[in-house]
Amino acid sequence: MSRIRLLPRSLAGQLALLVALALFVAQALNFALLLRERQGYRFAQIAVPTITRIVDAAERVEQGRLSLDDPRPRGRVRLVSANPVPEGLPTEDDVAAGIRYGLDQSQVQYGRIVAVLNHEHVPVPILESRRRQNDQRQDRQNGPPDLLVAVELPGKGWLAIRAPWPMTGRFLIWQLIAQTLVLYAVVMLPIVVLGRRIARPLRSLAQSAASFNPAQPGEPVPERGPEDVRSVISAYNGLSGRVTAMLDEKDRMLGAIGHDLRTPLAALRVRIESVEDEQDRARMAEIIEEMHRTLEDILSLARMGRPSEPHSDVDLAALVDAVVADFEDLGADVTATEAPRITIRIRPTLMRRALRNLIENAVKYAGSAEVRLVPGERDVCIEVADHGPGIPEDKIDDVFDAFIRVETSRNRDTGGIGLGLALARAIVRDAGGTITLTNRQGGGLIAAIRLPR
């Protein structure tokens with residue numbers, strides 16, 4: 001099960017996400033501050049006049065100008081005998097605290113104070129006029145809630161008042177949403193454009209670096225984007241040019257070294273013909289041939305980054321048969337099974353060299369080799385099997401390193417300096433394949449070259 005990627009991969013996407021989160025946090029803080037300010041304004045607009053009316057009504061009660069259950073009261077405040085506020089409605093502690101403060105400042109004697117919000121528009125007939133009652137019956141559930149306040153005057157009754165309580169929260173939310181959308185449109189569009197302007201040349205740089213081939217240096221990456229990005233691209237173009245020049249110099253140096261070393265080896269081949277002892281002459285010839293093969297392996301391994309041989313379509317079965325036939329002509333015990341004709345695009349000379357190195361190792365350490373071509377749907381495998389001593393499991397990966405040999409004597413029978421497998425792996429990797437070594441059950445080793453079809 002794949003993991004859900006929460007962050008976008010591109011630079012523009014991550015930059016846009018970061019700015020979007022910052023804007024969201026800023027708008028959330030702005031909303032909290034604005035809501036608090038609106039609540040203070042609402043308290044001053046509604047609660048303060050209500051407190052003033054209650055204080056004034058309390059004074060009129062003291063002066064006898066407001067009687068209990070007056071059928072024609074003046075003003076909005078009623079003086080009733082019992083608490084008219086229904087139970088279970090949400091209380092407004094801020095309003096109650098404000099009324100308490102106003103009564104204390106006016107030195108009015110009071111008892112309980114109840115302040116609630118009537119969201120459900122529960123009817124309180126004693127606080128409503130006839131017109132108001134008719135309006136509520138027609139559209140009771142619409143409009144803002146009512147603020148119901150009741151103040152107990154000990155021994156005199158309850159002062160009660162109803163006032164509309166404006167609800168600005170919903171409008172504030174929609175206002176904030178609209179403001180946020182405008183901010184996102186104004187801020188995010190330039191951010192996305194800038195991110196793409198930065199990401200496009202960086203993407204070209206990454207593609208050029210991933211496809212860099214010393215054998216076929218491509219065109220320099222166009223220097224586009226901001227100044228910092230152009231500096232990076234310019235530095236990469238300079239680096240790739242220096243790498244190509246260094247590899248050209250290395251190839252020239254290797255060519256000169258190969259020529260300088262082959263010349264004395266060729267002279268030695270001629271000189272040993274004058275040796276009278278046939279056994280000594282044959283041994284010298286073998287040593288010179290081994291030195292020649294070692295030189296070729298070293299030069300080939302050093303040139304693997306820039307091989308001169310081009311790719312071509314090759315019948316892989318025919319290539320395997322040709323290499324096996326070469327060993328049979330030399331009298332080696334090498335056999336191959338029949339395989340269907342498979343065309344694959346490789347460097348034929350190098351692949352023949354890799355296969356020859358595997359067969360040589362099998363013949364050298366086991367005395368014989370069995371070669372088999374196994375076609376698959378997406379790849380093809382060349383297996384070289386033997387019945388030798390195998391390789392310890394903890395050293396299988398090490399034998400592919402240059403100058404590493406499991407058998408360390410480097411005597412005449414097992415000779416070599418440990419470049420065969422390293423060169424074979426470099427050739428197979430250049431062809432886009434893999435090479436593995438596996439110990440066989442019952443003894444022996446299987447070297448497998450797997451190439452994509």
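Colleague: What order do the strands take in the open sheet of four?
Modeller: The order is S1-S4-S3-S2, and the pairing is antiparallel. Strands here are DSSP runs of E with at least two residues, helices are runs of H or I with at least four, and both are numbered from the N terminus. Two strands pair if DSSP finds at least two bridges between them. One caution: this is a predicted model, where local features need pLDDT of at least 70, side-chain atom pairs count only at pLDDT 80 or more, and totals for chains, interfaces and linings use all residues. Residues are numbered from 1 along each chain as its sequence is written, and side-chain values use heavy atoms, with hydrogens and water left out.

Colleague: Which strands stand at the edges?
Modeller: S1 (78-80) and S2 (113-118) do; each has a single partner strand, so one side of each is left without a neighbour in the sheet.

Colleague: And how many bridges join S2 to S3?
Modeller: Six, with S2 and S3 (residues 146-153) running antiparallel. Asn118 stands opposite Asp146 in S3.

Colleague: OK, what about S3 and S4?
Modeller: They pair over eight bridges, in the antiparallel sense. Ala150 has Ala160 in S4 as its bridge partner. S3 and S4 also form a hairpin, with three residues between them, and Gly155 in the turn has a positive phi of about 75°.

Colleague: Why is S4 described as largely enclosed?
Modeller: Seven of the eight residues of S4 (residues 157-164) are buried, so the rest of the structure largely encloses this strand. Buried means under 20% relative accessible area, exposed over 50%, partly exposed in between (1.4 Å probe, protein chains only).

Colleague: How many bridges pair S1 with S4?
Modeller: Three, again antiparallel. Val80 has Trp158 in S4 as its bridge partner.

Colleague: Switching to helices: which residues of H7 are buried?
Modeller: Leu316, Ala317, Leu319, Val320, Val323, Val324 and Phe327. They cover an arc of only 165° around the axis, which puts them on the same side of H7. That arc is taken from the directions from the helix axis to the C-beta atoms.

Colleague: What sits just after H7?
Modeller: Gly331, which takes a positive phi of about 85°.

Colleague: Last one, how many helices and strands does the protein come to?
Modeller: Nine helices and eleven strands. Of the 453 residues in the protein, 34% are buried.
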